[in-house]
Every structure is written in C-alpha cells, then in structure tokens.
Amino acid sequence: EVLTQINRLRQVCCDPSIVSMGGQRSLVASSAKRVAILEICSELVKDGRKVVITSEWNRLLTNIATDLKKDGIEVVFVTGDLTGLKRKQAQEQFRTGQASVMLIQLTLAEGIELPEGDAIIICEPWWNRKKEEQAIARLRRDERDKHINVIRLLVVGSVENGVMRVAQSKLDDIEAVQMGHAAATGGLSMDDIDEFFKPLEKSAL
C-alpha cells in the first residue's frame, strides 16, 4: 500500500488525469510535463529530429500522443498489447519518417532497436536507472559515439526526488514488492519511506 500511494504521487507529478482514485480520475486537462513535452517535440521535429518518448504509464503516453497529434505531429505508439508484427510496423514507420515521434513503455524499450532516434524524453525518474540507460542505448545501437539528446523530466521538490535517492539503495526491495514477492513495505524502513517526502518538506519552507 505504501508504494501504491507513492506511485500515485509519482503519477500526479506527470499528469493528474492518469491517477485513479476509487474508479474516478482527475478532471485536470493537462500538466506541466505534457506542456513541456509538446514544446520540446515541436522544436525538435521542426529541426528534422526524431524523438522517442518513454514512460512507465500507458495512460500518460496516450495523453501525450493526443497532444502531439493535435499539434500536427505524426506519432507511433508501442505498448505491450501489440503483436510482434505490429511492433515491427511501428518501428518501420518511425525509421522511414512516416512518424517523427515514437511513444513506448520503458519496460519494452530494451527489446527494440531505434538507431534513427535523435532524442529521448524520459517522462519520470525510474526505480531502476539501468533500465533508463538500456532505453538510451537502443538509440545508439552500434554507433557508440552517436550524440543523443537525453531529456529527463523531474518535478523538483516532489516525491520524484525521493525516488531518485531511495531507489538506488533499495532497488531489490522495491522491485520485489512490485512483483508481489514481498510484504507491503518489503525491506523499506520508516526512515526509507520518510526519504521519499523530505524534498516536499524542504520545498514548503
């Protein structure tokens, strides 16, 4: 339950409309991150760049895709629901320039090669930083010296700062809880849980 509530706070940082509370969702139409992503993508696409956007949450990626399409930007969307053939078709659309932006769940990124990508936007800090690095590596493939614009979005003074601090030292415990292999707080102590909210206390001063 503790990590469930922390994840909800993480979702609020990204886009309040994706948070489900008792089956109801926020009526907030957009978020600072979505506005920033639209602005960033508009500039990069205008310069002829191809962009990969990755997040833990499909609902967030769906909202971002809607924002981009309204702005006239062609996108492709890769989720766990797609068959292998449809994933390949989405990759091909991205590679051939039919779409300038690919949206993909972070957990799927390590299995897809995207050497045509020029920039990657990581919508929220991930528990496992290695997964972020794997996603970035998909854009390089064999071109190890290729320059990639890596844009990490962070709400300063929020629970996202706590994720970055706690996740590295407690990664195994957190992943065990999320996989259902541990108790509600796993190996997290009350001090660990307090660490998630210290930035919030500081920002309130």
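**Figure 1. Lys33 has a relative accessible area of 7%, so it counts as buried.** Buried means under 20% relative accessible area, exposed means over 50%, and partly exposed lies in between, judged with a 1.4 Å probe and protein chains only. This and every other view shows a predicted model, in which local features need pLDDT of at least 70 and side-chain atom pairs count only at pLDDT 80 or more, while totals for chains, interfaces and linings use all residues. Residues are numbered from 1 along each chain as its sequence is written, and side-chain values use heavy atoms, with hydrogens and water left out. Which residue forms a salt bridge with Lys33? The partner is Glu160, and the closest N and O atoms are 2.6 Å apart. Glu160 belongs to helix H7 and Lys33 to helix H2 (residues 32-46), so this pair ties together parts that are 127 residues apart in sequence. Glu160 is buried too, with a relative accessible area of 1%. A salt bridge here is a side-chain nitrogen of Lys or Arg within 4 Å of a carboxyl oxygen of Asp or Glu. Helices (H or I, at least four residues) and strands (E, at least two) are DSSP runs, numbered from the N terminus.

**Figure 2. Glu43 and Lys46 form a salt bridge, with 3.7 Å from N to O.** Look along helix H2 to find both residues: they lie three residues apart, about one turn of the helix. Is Lys46 buried or exposed? With a relative accessible area of 64%, Lys46 is exposed, while Glu43 is partly exposed at 45%.

**Figure 3. Glu116 and Arg95 meet through their side chains in a salt bridge of 3.4 Å, N to O.** Glu116 sits in the loop between helix H5 (106-109) and strand S6 (119-122), and Arg95 sits in helix H4 (residues 84-95), so the pair ties together parts that are 21 residues apart in sequence. Glu116 is partly exposed, at 26% relative accessibility, and Arg95 is partly exposed as well, at 29%. How many salt bridges does the structure hold? The count is seven. Elsewhere, Asp15, Arg34 and Asp67 are linked in a network of salt bridges.

**Figure 4. Strand S5 (residues 101-105) is largely enclosed by the rest of the structure, because five of its five residues are buried.** In a regular strand, side chains alternate between the two faces of the sheet. Both faces of S5 are covered: one side has Val101, Leu103 and Gln105, the other has Met102 and Ile104, and all of these are buried. Which strands pair with S5? Strand S3 (residues 51-55) pairs with S5 in the parallel sense over five bridges, and strand S4 (residues 75-78) runs parallel to S5 and is joined to it by four bridges. Two strands pair if DSSP finds at least two bridges between them. To trace the links residue by residue, note that Thr54 has Ile104 of S5 as its bridge partner, and that Phe77 has Leu103 of S5.

**Figure 5. Helix H6 (residues 129-137) has Glu132, Ala135 and Ile136 as buried residues.** These residues cover an arc of only 100 degrees around the axis, which puts them on the same side of H6. The arc is that of the directions from the helix axis to the C-beta atoms.

**Figure 6. Leu154, Val156 and Met164 make a nonpolar surface patch of about 270 Å².** Patches are made of residues with over 30% relative accessible area and no salt bridge; like charges are joined within 9 Å, and nonpolar side chains (Val, Leu, Ile, Met, Phe, Trp, Tyr) within 5 Å. Met164 is found in helix H7 (residues 159-178) and is partly exposed, with a relative accessible area of 39%. Zooming out, the protein exposes about 10800 Å², and carbon and sulfur atoms supply 50% of it. Accessible areas come from the Shrake-Rupley method with a 1.4 Å probe, and for residues only the protein chains shown count as cover.

**Figure 7. Gln11 lies in helix H1 (residues 2-14).** Gln11 counts as buried, at 9% relative accessibility. What does Gln11 touch, leaving aside its neighbours within four places in sequence? Gln11 is in contact with Pro16, Ile18, Val19, Trp57 and Arg59, where contact means heavy atoms within 4.5 Å. Across the protein, 68% of the contacts with a separation of 6 or more are between residues 24 or more positions apart.
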